[in-house]
Amino acid sequence: MIAPSKPAGTAFPHRHLLGIEGLSRIEIEALLDLSESAIALSRQVEKKRAVLRGRTQINLFFEASTRTQSSFELAGKRLGADVMNMSVNSSSVKKGETLIDTAQTLNAMRPDILVVRHHAAGAVALLARQVGCSVVNAGDGAHEHPTQALLDALTIRRNKGDITGLVVAICGDILHSRVARSNILLLAALGAEVRVVAPSTLLPAGIDRMGVTVFRSMREGLAGADIVMMLRLQRERMDGSFVPSVREYFHYFGLDEEKLAYAKPDALVMHPGPMNRGVEITPAVADGPRSLIGEQVEMGVAVRMAVLEALAGNLPNA
Amino acid sequence: MTDPRPQPSPPLVVSGARIVDPSRGLDAVGSVVVLDGRIAAAGPQALNQGAPEGAEVVDGRDLVVMPGLVDMRVFVGEPGHEHRETLASASHAAAVGGITTIVVMPDTDPAIDDPALVDFILRRARDTAIVRVHAMAALTKGLAGRETTEFGLLQEAGAVAFTDGRRAVASARVMRRALTYARDFGALVVHHAEDPELVGAGVMNEGETASRLGLSGSPREAEIIMLERDLRLVQLTGGRYHAAQVSCAESVSVLRAAKARGLDVTAGVAATHLTLNELDIGAYRTFFKLSPPLRSEDDRRAMVEAVADGIVDIVVSSHDPQDVETKRHPFADAADGAIGLETLLAAGLRLVHAGDLGLSRLVEAMSTAPARRLRLEAGTLAPGAPADLAIVDIGAPWIVREADIVSRAKNTPYEGARFQGRVVRTVVAGRTVHTYAHG
């Protein structure tokens, strides 16, 4: 799902970042390496670079997101871009009608980079076909969320060294999760052993053919795991539609210290946020010494700086 | 029924063609003689009396003459959505595809659930269409799935069957009553067998492909369970039933068992489901978003075999014109449906050329069988029958291009597809309504 624009040889030869699917291991690692220098920059007093000076970045969010949107905003600003945030309340508009219309309107304003989140799978790719600028997928339905997977990989790499051979257990609402899909693709590309752990009602059909091992119990799924990655379970899915109740879900799949003990002694805990404390994870684990959740947020800005920088290298007149 | 052009037509002779007439088990080189809008003779000895005086004689070498196709699942936008398709524009698209009879669905705005509306359709067709047009009426008022319509009065007004079109009747009680009451009128109930509850938010076939795309899946069981329910109700009521479109391998065994029990049951499949599968959706291509959804390659192959076996009786286009405002959306938000009148025969011929289906069986499934099921005077080249025929160069290669599409809507899943087999002339009631200059 990557539109090639430059011949091979460039570290990141793509015009858009629409998903992890289609990225090679070399391209992923190049982005992670680029992120390392962004971390260093972000920890200085002077955080500004001029890579995107004069460029316009529009964050177009059809679905509310504080974390991802502010992360992309900071990343753009640190690279010197003019950043505009647009939140389109999708309940107030007539479905995708505005998607194409908004795309064409924004395109006429000549932005250089569009960062897009939409509730429908494939919507960002559809939009990318309508515009002349670079497009970054900030989450499309239950399809992909590539920068989340990249920041997760960066976080893992900085704490565990090489990702190859690590056992990563992704737990919770796999069915509705774009984070899970992008992580499955990326971690597999980097040679990790990926497991998914969830009740069967929260597993997509055919998941066993996507290069993962499927578990229905935390005890088995977490045994020997290096990384335990928890996913958010949305409130409206706990009322009997997918799981019968919060307490039953927490009892079997909520990550507490007891369940974490099934994993390796040095296993680390991740969560893409926002968390439901007491539903999929206890505060003690989320805020405990083995939690990487705070670090994930920092890595989020760095990875998005790296992605924007990589795409900037392929913009016209770059 | 409407006869689009009541004035007399000149005699027509097609000589030395391959005549395929499944209604008489005929597949032989011969001639067709048309007099006064009817078939005078068709077969090896048809020219024994010589050509009638003043006849137009068509050299049929390398051509196939078949009864004009009868497409029993066509959605139009008239009344209510004329910008998508009118009866006139649909009839022109049909003529291009060798279809001489279209049966239009009641999913219009308003829905065809009143005798006056059946009358409106038939009058509009008589005044504007160039092929024969029949109408199915709504099975339930407003297509709401609750109260049955006036089967008797609607039938008297000309409705040839009863269906809620794209919609399924979720209530088993309503379906039971409809089948029971329809029996008193000998009326055929046509159903989109897909359990809406199980479909839920599903927008494509459930499975690995949907999961990878992050799209909600619709399980095969939505079709299988609804079909099984319907067939139990047919057994209970003794009704006449036709499953509008099936798509899954297992539906074939369900149908086979029902037929073995002697139920008055038939089924259709869309040409799309015989030639495409879920992988064709690719990068969220909404022209491949159909209902029922495109299934796996195994399902597609099972559908082809079922047509060859006759377990699935009828092949339809399920022509469903949609435009930019309903299709240019993210996949999940886009409308279902694809146009198909112009590509129906060509898609079917793809199976014939591949050796999966005999030509005679294809013509039966696209012409003779639907005509018989709906008790229409069509689907045959028997002497005395209306002269509705398609003359086809079954080897002629062509490529589907949007610019060539006659239908008002352009939502074809076959854009850029290479086909072999082109209708060179379509004749309705002895009058030529379409010609394609080839060579």
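Close-up 1. Look for Val427(B): its bridge partner in β19(B) is Thr432(B). Two residues sit between the strands of this hairpin, and Ala429(B) in the turn has a positive phi of about 50°.

A word on the model and the labels: residues are numbered from 1 along each chain as its sequence is written, and chains are lettered from A and ligands numbered from 1 in the order in which they are written. This is a predicted model in which local features need pLDDT of at least 70, side-chain atom pairs count only at pLDDT 80 or more, and totals for chains, interfaces and linings use all residues, while side-chain values use heavy atoms, with hydrogens and water left out.

Close-up 2. Six strands of chain B line up as β9-β10-β11-β14-β15-β16 in an open sheet with parallel pairing. At the edges are β9 (137-138) and β16 (314-316) of chain B, each pairing on one side only. Two bridges join β9(B) to strand β10 (residues 162-163) of chain B, and Ala138(B) stands opposite Thr163(B) in β10(B). Helix α7 (residues 221-237) of chain B packs on the sheet, touching β11 (188-191), β14 (240-243) and β15 (265-270) of chain B, and its direction makes about 170° with that of β14(B). Contact means heavy atoms within 4.5 Å; axes are lines fitted to C-alpha atoms, for helices over the stretch in contact, and angles run from 0 to 180 degrees between N-to-C directions.

**Close-up 3. α7 beside α8 in chain B.** Here α7(B) packs with helix α8 (residues 249-260) of chain B at an angle of about 10°, the axes 9 Å apart. The two helices are therefore roughly parallel to each other (angles under 35 degrees count as roughly parallel, over 145 as roughly antiparallel, 65 to 115 as roughly perpendicular and the rest as oblique). Glu223(B), Ile224(B), Leu227(B), Glu228(B) and Leu231(B) of α7(B) meet Glu250(B), Ser251(B), Val254(B), Leu255(B) and Ala258(B) of α8(B).

**Close-up 4. α1 crossing α11 in chain A.** The axes of helix α1 (residues 25-42) and helix α11 (residues 293-312) of chain A come within 8 Å and cross at roughly 120°, so α1(A) and α11(A) are oblique to each other. Residues making the contact include Leu31(A), Leu34(A) and Ala38(A) of α1(A), and Met299(A), Ala302(A) and Val303(A) of α11(A).

Close-up 5. Buried means under 20% relative accessible area, exposed over 50%, partly exposed in between (1.4 Å probe, protein chains only). After α12(B) comes Gly355(B), with a positive phi near 80°. Arg373(B), in helix α13 (residues 359-373) of chain B, is buried as well, at 9% relative accessible area. Among the residues Arg373(B) touches are Arg240(B), Tyr241(B) and Asp264(B).

Notes:
Two strands pair if DSSP finds at least two bridges between them. Helices (H or I, at least four residues) and strands (E, at least two) are DSSP runs, numbered from the N terminus. Lists of a residue's contacts leave out its neighbours within four places in sequence.
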